[in-house]
Amino acid sequence: MREKTYCSDCVNVLIAGNPNVGKSVVFSRLTGINVITSNYPGTTISFTEGFLNFQDKKYRIADVPGIYTLEPVSKAEEVAVDMLRSGEIIVNVLDATNLERNLNLTLQILKLGKPMILVLNFWDETKHTGIKIDVKKLEDILGVPVIPTCAVTGEGLREVISQLSFARASSFKFNDSEKWQAIGGIIEKAQTVFHKHHTLLERLSDITIAPVTGLPAALGVLFVVFNFVRFIGEGLIETVLEPAFTNYYMPFILRLFSSLKIDFLRGILLGNPPVVMESFGVLLTGVYVPVVVVFPYILSFYIVLSFLEDFGYLPRLAVLLDNFFHRLGLHGYSAIPVMLGLGCKVPAILSTRILESKREKIITIILILMSAPCMPQTAMIFSMGARYGMKTVGFLLAIIFITALIISYLFNMIMKGDAPELFIEIPPYRMPNFQILSKKIWLRIKDFFMEAMPMIILGIFLMGILDILGITAFISSTLARPISYLLGLPREIAAVMILGFLRKDVSIAVLAPFNLSAKQFVVAGIFLVMYLPCVASFFMILRELGIRTALKIIFAIFIIALSVGSLLNLFL
Amino acid sequence: MMSLLELEKGKEGRVVLIQAGRGLINKLDGLGIRPGVSVKKKSVSLVESPILISVGRTQIAIGRGMASKIMVETGKK
């Protein structure tokens with residue numbers, strides 16, 4: 001991770017500062033490299049570097065993860081501190097609305113004696129928060145260039161670039177033991193604070209983090225998110241993607257390969273029969289699943305998620321749900337992937353990367369997979385379950401949720417270790433910048449197409465081969481009898497299971513012709529939600545956890561789904 | 001003297017002592033929590049969830065274990 005691009009005549013510039021002060025936005029602005037930024041601490045986990053040419057000088061710029069102090073507490077901070085020592089110029093980014101605390105790190109950095117410049121970011125916010133900073137005075141005291149910026153709009157960044165060659169070691173002297181007095185002295189001279197009223201966003205912040213009002217607010221947010229995701233996702237599928245696929249793409253592909261007579265190749269490319277949802281053709285199903293089924297939900301989810309991230313809602317949600325997640329041996333931060341999983345499991349599994357230990361990742365993925373169906377499947381359960389009444393549907397979903405809780409609780413007991421106590425800074429709410437937001441959504445979509453989609457296509461390709469070799473048919477005929485017996489469902493359930501691997505929502509829909517009783521519907525619904533992840537998420541888990549762990553988890557979940565289904569069949 | 005955990009919601013207290021190892025003391029110091037500063041307890045829930053405090057302009061959510069190690073004083077001026 002720390003290898004460096006070779007560039008002998010480059011000047012090493014490091015962007016350093018407290019978490020969530022906008023270092024990554026400054027970095028993107030300087031280098032033109034897009035990195036994911038958000039309004040919560042710790043978005044930058046590994047470091048990124050880029051280059052900048054200015055007036056015959058070449059700079060290699062690195063975005064250092066945020067740190068509060070040069071005395072490292074965690075592994076990530078250790079890396080950051082090591083990096084700082086290797087830099088030639090340090091660009092110290094500060095949150096101008098929080099000068100006193102940010103200067104703590106600045107004073108430690110200037111003790112390194114390296115040439116540096118200070119960037120006072122969020123300059124625009126100081127105006128309406130009643131803070132006035134005398135930039136000239138600060139420059140005089142510290143003896144380094146100080147530049148006010150608003151990185152999201154790009155204001156002041158040109159100035160930062162042109163000041164790079166004026167970076168110098170600070171002349172400010174102080175005793176380590178009197179660090180805070182020194183900071184107090186600087187603040188007194190360079191900053192004036194006016195009285196100000198609570199802003200609307202601050203009030204909103206208080207409301208959404210205090211448990212009494214925060215939990216209902218969280219439910220409200222969840223409700224809006226769901227409806228938005230469904231509206232955009234389903235809209236895209238029904239009006240754009242599905243018609244485009246069936247009316248243009250599919251006939252085109254079929255015509256293109258109409259003269260292909262080799263059955264084996266036809267089977268692999270188009271599927272046999274060439275019907276999208278009944279076979280595994282790479283060119284048809286392999287494109288249909290990621291593009292038509294998953295992509296719309298990925299897009300709509302990322303739109304909402306990115307907005308909530310930049311607004312600053314997610315750390316508040318993490319705090320609200322921390323207690324609940326701690327009982328499962330997790331951190332409040334696991335709330336984010338689990339919430340994503342209510343929409344689509346694919347981005348949810350991807351986002352478990354923010355979690356530190358493999359243990360946390362495993363339990364979170366189990367929760368993602370088991371706690372609720374994905375959005376399309378939920379919709380299908382509701383529409384199919386309507387004829388049995390909402391009580392039945394509610395019962396079905398409740399059983400799924402309770403099972404997930406019990407299982408992750410058990411996994412937590414088996415797997416040693418506990419998540420550390422929550423300790424995070426809660427950033428103020430900020431109105432997201434449209435340009436930065438759209439760039440971020442674009443980056444994530446690109447990531448989906450570059451990283452996730454090949455996995456899904458590969459998965460469907462492998463499934464196709466199994467299908468052609470007759471292995472799938474063998475498995476389903478072997479499983480049909482025991483499974484239908486255990487669950488009290490028609491034999492065809494085996495075929496539905498295979499289908500559900502491709503599209504979990506359709507697997508519920510095809511239950512319609514069987515005229516199931518309410519009990520059978522509940523058993524079938526619960527089983528089909530839990531038994532296996534869909535092909536797309538299956539290969540995501542494989543990639544995130546490695547093949548052995550992934551297979552173990554999936555096998556365990558299958559057994560659990562079968563047991564729960566059998567028990568319900570016995571006792572309902 | 002009482003711990004931050006015992007401090008009443010909405011009240012402010014001055015940190016007098018942090019009974020913890022160097023790691024935690026440094027971590028808290030980095031966020032501006034150190035002996036001498038005023039800390040306001042903003043909210044706390046019925047269940048055992050983290051408590052929310054504010055120091056200057058910074059809001060921090062902190063686990064109960066950590067909060068119990070931060071001793072504060074109120075009333076005296």
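Start by selecting Glu309(A) and Lys440(A): their side chains meet in a salt bridge, 2.7 Å from N to O. (A salt bridge here is a side-chain nitrogen of Lys or Arg within 4 Å of a carboxyl oxygen of Asp or Glu.) The pair links distant parts of the chain, with Glu309(A) in helix α11 (residues 285-311) and Lys440(A) in helix α18, 131 residues apart. Helices are DSSP runs of H or I with at least four residues, strands are runs of E with at least two, and both are numbered from the N terminus. Glu309(A) and Lys440(A) are both buried, where buried means under 20% relative accessible area, exposed over 50% and partly exposed in between, using a 1.4 Å probe and protein chains only.

Before moving on, some ground rules. This is a predicted model, where local features need pLDDT of at least 70 and side-chain atom pairs count only at pLDDT 80 or more, while totals for chains, interfaces and linings use all residues. Residues are numbered from 1 along each chain as its sequence is written, chains are lettered from A and ligands numbered from 1 in the order in which they are written, and side-chain values use heavy atoms, leaving out hydrogens and water.

Next stop: Arg543(A) and Glu544(A), whose side chains meet in a salt bridge of 3.5 Å, N to O. Arg543(A) is partly exposed at 27% relative accessible area, whereas Glu544(A) is buried at 12%.

Select residues 518-530 for helix α22 of chain A, which has 13 residues. How many of them are buried? It's 10 of the 13, so α22(A) is largely enclosed by the rest of the structure. Among the buried ones are Phe521(A), Ile526(A) and Met530(A).

For something partly exposed, pick Phe264(A), with a relative accessible area of 43%. Phe264(A) is found in helix α10 of chain A.

Finally, zoom out. Chain A has 24 helices and nine strands, and its C-alpha trace spans about 80 × 60 × 45 Å along its principal axes. Buried residues make up 57% of the 572 in the chain.

Key: The expected span of a helix is 1.5 Å times one less than its number of residues.
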